[in-house]
Structure formats: C-alpha cells, structure tokens
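Opening the notebook on this one.

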Amino acid sequence: MAEQKRIFIEHSIFMLVVILCGIFIENTYYLQIMTFIGINTLLALGLNMLMGYAGQVSLGHAAFYGIGAYTTAILSTTFGISPWIALLCAVGGAVFIAFVVGLPTLKLSGYYLGMGTLGFGMIVNIVFREWSSVTGGSSGFVGIPMLEAGSILFESGSSYFFLVWAVVFIAIIICRRILSSRMGRALRSIHDGENASMAVGVNTHFLKLQIFMFSAALGAIAGFLYAHFVMFISPESFGFMVSVKMVTMVVIGGMASVWGAILGASLLTLLPEVLHSFQEYEMIIFGLILMVVMIFMPQGLTRGLLDIYEHSRKKTGKIEQLNLNFKD
Amino acid sequence: MKQRKINAALLVMAFCGMVMAASVIETPSVLAASAYKIGGIFDSTGPASFLGDPEKKTMEMMVEQINAAGGIDGQKVEAVIYDSEGDPAKAVSAVNKLLHKDNVIAIIGPSTTPTTLAIVNFIEKARVPLISCAAGVEITSPIKPWVFKTAQSDLLAVAAIYKTMQAKGIKKIGIITVANAFGESGKNQLVGQAKDFGIEVVIKESFGPNDTDTTAQLTKIKSALPDAIVCWGTNPGPAVVAKNVKQLKIDVPLYQSHGVASPKFIELAGDASEGIILPTGKILVTKLLAETDPQKKILEKYEADYKTKFNSNVSGFGGYAYDAMLMLDNAVKGSGGDKEKIRAALESTKKYVGVTGEFNFSATDHNGLSPDAFVMVEIKGGTWKLLDK
Amino acid sequence: MQEIIQYLFSGVTTGSIYAVIAVGLSMLYSSTELINFSHGEFVMLGAMGIVTLWVHLSLPLPLAFILTVAGVSVIGMLFERFAIRTAKKHQPITLVIITVGASILFRGLAMILWGKDPFSVPSFSKHESIEIAGAALVPQSLFIVVAAFILAGAIHLFFKQTLTGKAMVACAVNKKAAWLSGIPSERIGVLAFIISTGTGAAAGIFIAPITMSSYDMGTMLGLKGFCAAMIGGLGSLWGAFAGGILLGVLESLGAGLISSGLKDAIAFILLLLILYICPAGLFSAKVAKRF
C-alpha cells in the first residue's frame, strides 16, 4: 500500500513539473531542448527495460529509432497517409522486425549479443543509406509533415513539448505496470541468473523476446516523434554512435530505474549544449565526465546521488548523537 | 572505503557543477546592447570539419574586419557561432538557440547539405535570412524565400568536368563516389547530366568515408574498361583512390571533384596526384589568373588576410563564408536590422564579385552563380595548372 | 579470375589489419575479461605517432617504430592504472562505458594535438607494386601480412613458452586460483594492457602508409576489430586472427562481386549467420560470460 502511495506521489510530482515547465517556459529554445530530452528518455526507457531488468545489452537499438522515423516519413510524405496511421505501422513494423531479428539473436549472450545487435544496427543503417529511391539516401528525407490532431497543430514549441512528455508519462506507467506484474518478476530473475529462472519454469527466451519487442516499440515511437519534430531525417541520426549513446544514457542514469532513464537522457542531451562554450575542448571534457562519473558512481547517477544524500543524512545524524553524548 | 567513495562522488558532483557554472556564466559580451547579432552554424568538428573549420575562422575574421572599419551603419557586429559537428540534430538545436535565445538577425551556414536541410523548416517559420555554405542543389531548388546559398552547386562542377571530357573525346566513364551526402549528390548529378554531353556512365561504385582501401572497387571499374574515372568525395577517401589507381596501374585519366580542391590533397596523394584533373573555385589558382580577371583582387586580399591572421593556407571552402558575410554586410546596411528588409536586399544582390564567383541573386535564383565560377585544373609537378577552356 | 585474385589480395591486406586489432582485443579480454572500446583509438595514436616521429621529425623508421609502440603502451598503462583499476570491481558494462568515455577523450586530445586534417605516410619501401597473375600487389601489403603473422606468432609463443605468458593464461582461466598459486594477477592485468595497446599501436603504424591517418580513424577500425574478435571467439588468439582475415576478405569480395555500397551489409549478414550457427564464435576458448 505504501509502495503504491509512493508511486502515486512520484507520478504526481512528475506531471506537475512537466506542466509547470510547459506553462512557464516560453523560450522556444529551452522547450525544444526539453522536447529532445523527452524523446531521448523514451529511447532510454525502452533500452533500460532490456538492459536494466532483463540484463540483455543491445548495441544496435538506434535501428528501431530509425525504423520508426523512416516508416512514418515514407508513409506520411510519399504516400500521404495520416501520420497517426503511420505511427501504428511504424510500431507494428518495428515490433515485427524485433521479433524476426530477436528470435535468433537473443540466443546469444554477453558480448556476443552486443556484436549481434551491433551488426543488425549497421545493416539497417546501410539500408537507409543505400535504398535512396525510397529513403532519400545520405542526403536525407525532406518535407515530413507536421502532426495534427483535430484542430491542434503540433508545432515545435509548447504543444510538441506536451505531446512528447505525455507519451513519456504513459510509457513510464506502462513500464511500471510490466515491472510489477509476473513478467517483471520473471525478468529480474533472468537478470540475476538465467539458468535458475529457467529451472523454476520461466520461458526465458520468449520473455527476452517480448521485452526486446517492447523496447523496439518505444524506440519506434521515439523515432516517430523525432521525425515529425525536426521534419527532416538522415541516416547519421540513427547510426552506431547513436546506439552507443543510448546505452550510455541507460548506464549513466542508472540501470533498472525508471527515473535513471530520465536522468541519463537529460545529462546526455544537456551536456553537449552546456559544453558548447568549450569549443575544441568539448570532446575532451565530455569524455572525462563520462569516465569520472562511471568510475565514482558505477551504479549510475540515480544510485550515486541517493548514496550521497543518505550518507550526508547519516553523518549529520551521527554528529547530533555525538553532541548528545557529550551533553550526557 | 565507503567514505572515500562518497568523497570521490562529491568531487565528481563539484566538477560537474563547475562545468555547468562555467557555461552559464558565458563571457559577457562587451557589445551586447547595441550590436547586430549574426549567427553562424558550422561543422567545425566532425567529418566535415575541412569545410566548417575554415568557414568559422573566416567568419570570425570578417566580423573583426567589419568592426574595425566601424561596423555596419555605425553599429558593431557580433558573431554567435555554434558547432553542428555534422549532426542534423545538433544543427537543429543550434538553430533554435540562435533564433530564440540569441535573437540573431541572420544566419550563415551550416556547412553540409543534410545539416542545412534539417534547419530549413525552422528558418522559414522564424522568418530569418539564412545563407548556407553547402553544395547540394536541393537547398535552393525549389526556392525557399529565406534560404540562400553561396557554395557552387555540384550541378556546375559536373557540367565543368563533362565539358572538359567532351573536348577530350571521352565517351565512357566509371564513377566511384563516397557513401555520404556529398558523394550521393555528386553521383546523381553525374548520372543525370551524362546524356546531355553524350557521355555514358558504364559503372557506378562507392566507398565508405573511412575506408582504408578501395582496390576492390577500382578493380571492378578497371574491368568495365572506361575511358576515364571520376571520383567524387572529400579527403581523405579520394587520396586513397588516387593511390590505388596508381598501384593497380589503371591507365585512364582520373577526375576528382571540387571536394578535394586544396593543397592538402596533393600532400596526401603524393606522386599519385600527378595528372589528376578537377574543377575548383578560382582561389586555388589566384596567381595564375589573368590580371583582367574581376575576382583576382578580392581573392588576393582574402588569401593575404587569412594567412596573416591564422598563419595557415587559405582553403576555397572558407570563401563561402567570406561571400556570405560580405553580401550580408551589404544587405544589412540601411535595413536597421529589419529581417524582411535584409532578405529583400539579399535577393536583389546583383553583380557582387566574391571569392567563389560572381553572384546575381533573384527571386528565382538563390544561388546566383554562373558556370564560370569553376575553372578546370590539372595537377602537374605537385602544383595546379589551369586547363584551357 | 584475375579480378578474384585482386579482391583476395586487398581482402587479406585489410583483413590482416583487422586481425592485429582483434588479437589485441582478444588477448586483453582473455586476461582481464574486459572489452576495450577505445582500442581503435590506440591504433589511431600509433598511426599519428609515426606521422610525428617518422614523417615530421624524420627519425629513422625502426627507432620511430619502437618509440611509438613504447609511448602508446605507456598511455595504455596509465589508462589501466587510473581508469580501469580504480573501477575494477564494477560491473563489466560500467567498465565498457568507461572505455567508451576514454575513446571520446583520446579522440578529443588527438584533435587538439594533430589538428583535424588527415596525414599521409609514405610506404616503408620504395618498390613498385608487384604483379602476380595479372593482379597488383603493393609491397606494403606484404609488410602488413608478415607483420600480422609475426605479432600473432610472438604472442602465441609468449603464452606457450614463457612463465609470464603461462601466468597470464592461468589468470584467464581462473583469476582466484591463479592468485592463490602466487601469480600477481594485478600486475598481469597491467602487462596485458601494455601488450594489447602496443599491438594496437603497431597495427596503426603498419596501416598508416596504405590509408590516411586522422584523429577520427580509430572508431571504425576498433569496431571492425571487435567484430573480428567476436567471430573468432573471444579469448582465442588464432580465432581472432582468422576472424579478422575473414572479415577483410568478405568485405572485399562483397564489394567486388556484389555491390560496393552494400559491402559492409554483406559482411555483417554473413557474420551474423556465423554467430547464429556458432553462438560463441568459430574458435571459442571458453564459455561466454554475460554482461
């Protein structure tokens, strides 16, 4: 009961923060940055389910991000289909591809799984680049329409900001639901020991496949939102380095934590913006921050910050106790 | 142990905090209040840094010169430049920063076609003039009211190459292009225009921007028996191609694109660069130009200025930013910073002789260059030689 | 036929480079269970080192070679001491992200030190390309292939013949048991790092003359090396070697016979098929570990 209450409070605070941000921030630049954070959070959430809970690493997740973006771009621009129907196709397509690819790939483990997913990501990216009659090739795909729902036109600005964060909120709730179900418990058992969970009757392969498909769906939704936000896509936005960035977001934010995904996505989106003023030295500082955070907060920022908080509380508590002792 | 870890973690926090603070307290601009703010987005790092880096330096130099001469209409000019690293998403966030945070009156850049196309929608919506430094034809066709560009389209480069080939009686060519936006655009132009010049493209190959070796592709081209090979790419790939052509003893002329038109290419390809023919802006051959050439004066000035300021050789790519900045300077004069007026003034720019060529903008042409913006050169004895037209 | 031979020549040349990189990765994994995602950056440092020492300072080639390899090994050692060892007890994925951070850091440093332009390095010998059955073979290719075999052979002998090498193998099999029998596993780890980054630098030096060296050349090479090591099976020296050659040949044949635009895709599809059939690589030495 207490757990439920805590989650309810967390969600309310989250919603409140989002709404306040959307209302009080008027500068389009800041809103746009936060929209990007939202899109990245979706990516990190999906991958976090796979990595943090099921313990499977994917180095090719940008492929699903790209599949989502390209599907909606092609369907809504070339064929003039409504973007909302295109969204369904994008998610359906990504889930189907995740199923076909996941079936053999998820039998691999550890670094081999990393290699398998990496190869998949590279192949998809090459398809984006080489199939130029459909995808526009390396020059990119122009003219993606804006999103519309009834009389609301989702222009970049607060309307798109609310759209993205509403999707993030729904995604968080769905993730929580999955995690507190039987499936979530089974997932954690895979993470702790695959053989053991198999022994107690968990169909680990099928479960991994399901969660892989779920994270692919989230990736595709993020791709859909990205495509209609920027209205231009090109293969570089979905390359290997983007996959690595996604893994970094998950690990640095803190694996197996929903809030970690937000924290990681925020850090990796904001950091390059903030580091702009260092110009040439940007890469050096970015690399250093990554290393230093990982060395000293191996569990990611969420755990690391909590540790510091708890520690400082304990410390002040101790001092008070000492004072009391002296008085005695 | 635990204690140490926590301390370390605090250290990290402090470090991160410092970085954040450092960036928040951005060096306050002396000119802030009454200055014309002009934005720049260049790929000054990343794969297209050979374009972005000279462009950025040129823009900084130009702003300095304009301010030294008293600014525009007595107002100082302030440049706000961001790096897009060749990443469309970064370009989008840079353009929004320029439009909504820095409130610039015009923007120069980005350096590549994808980064430019990514921001075009935001530019049109915000109604701020943009002068792109990218080559792709798609940028200015169809015409977008607020988007101009100073770089020569690859359309003109291909036309220049084909004209030379026609004169030499070359009928069948094999092409090898780099697998990115530059190479793809080149490939489309090469294939699309071939018929107009009575040339047939017998084989199309490509190579990755970071490939270490292209002998497999060239072997295939060799077996298709073309009269000439055209390579379309930017350093370092084309230098590898040139080396491989020599190693495989392929005995047909090799043409390169304007993407490698810099002394760096000769340095990279070494002996293998001998006899290569390519189109280039006139900046590479300033010394060889006739005294009567209208561009000669401005080219010499740019070359000298750049050399004294940065102590490095000028590159033709920086010229895109040079022309953009000068034309913008002219357009802003008398506009009082009104974006609509600047746009109108840009569009009516006529007979501006710049580093890249002579510009004649109009409502139907936002690039405004004629084919003679390119000259054909041959590499002979480690230096450039003008080919007769 | 003549074309096929040419494809094979170029495939084996690039493949040897991948092989040396993969061997470095694989041997580091077998003694520390870590995949170093900044390995490609050490290759880049090797290439840039030879640019500075041989081309710019015109030191004699052997001296420049030794200095570069030694210098890069020292950087590898410092990296181990300050980044990896401090974080030794963490999960493998954390360590992987640390190496990703390191690769960004090294790239940034190289960009400042050497600038953004690529450099060219002349061939080690002045000979023209040799013609074999109508296909051209560049002398530098021979250098690369021979060097790859010598390096792999040397590491093989080191593992089989020397006490230190055997100690390293022992660490790879079971670290705790090795420690119990008196092997200083920490020092072995440092040594593995030194050898691994040293071979990376050597790969960079040999590749420099056939391609152009620039600060961002490492990422792609590291990635290909990683794939090669995976195909061969982690922890297997000759497996990694074979994986590298296989990847190079597949790429070259794919480019020549099917399509150069799709060459990477073709290579990756075949590699994935291999992985599906042998989930732990072709010559896996031991059971794969999970992240």
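Predicted model: local features only at pLDDT ≥ 70, side-chain atom pairs only at ≥ 80, totals over all residues.

**Helix over the sheet, chain B**

I started with helix H3 (residues 88–101) of chain B, which lies across strands S1 (35–42), S2 and S3 of chain B. I looked up its direction too: H3(B) runs at about 180 degrees to S1(B).

Next I wanted the strand order. Chain B has an open sheet of five strands, and I read them off as S2-S1-S3-S4-S5, with parallel pairing. Which strands stand at the edges? They are S2 (76–83) and S5 (147–149) of chain B; each has a single partner strand, so one side of each has no neighbour in the sheet.

**One pair up close**

I picked S3 (residues 106–108) and S4 (residues 130–132) of chain B, which pair in the parallel sense over two bridges. For B:Ile107, I found the bridge partner in S4(B) to be B:Leu130.

**Chain C against chain B**

Then I moved on to the contact, which takes 29 residues from chain B and 28 residues from chain C. Which elements of chain C give two or more residues to the side that touches chain B? I noted helix H1 (2–32) and helix H10 (237–258) of chain C. H1(C) supplies the largest share of that side, seven residues. Sorting the chain C side that touches chain B by class, I got 12 nonpolar, 12 polar and four charged residues.

Key
Residues numbered from 1 in each chain as written. Chains lettered and ligands numbered in written order. Pairing = 2+ DSSP bridges. Helix = DSSP H or I, 4+ residues; strand = E, 2+ residues; numbered from the N terminus. Contact = placed C-beta atoms within 7 Å. Axes fitted to C-alpha atoms, helices over the stretch in contact; angles between N-to-C directions. Nonpolar A, V, L, I, M, F, W, Y, C, P; charged D, E, K, R; others polar.
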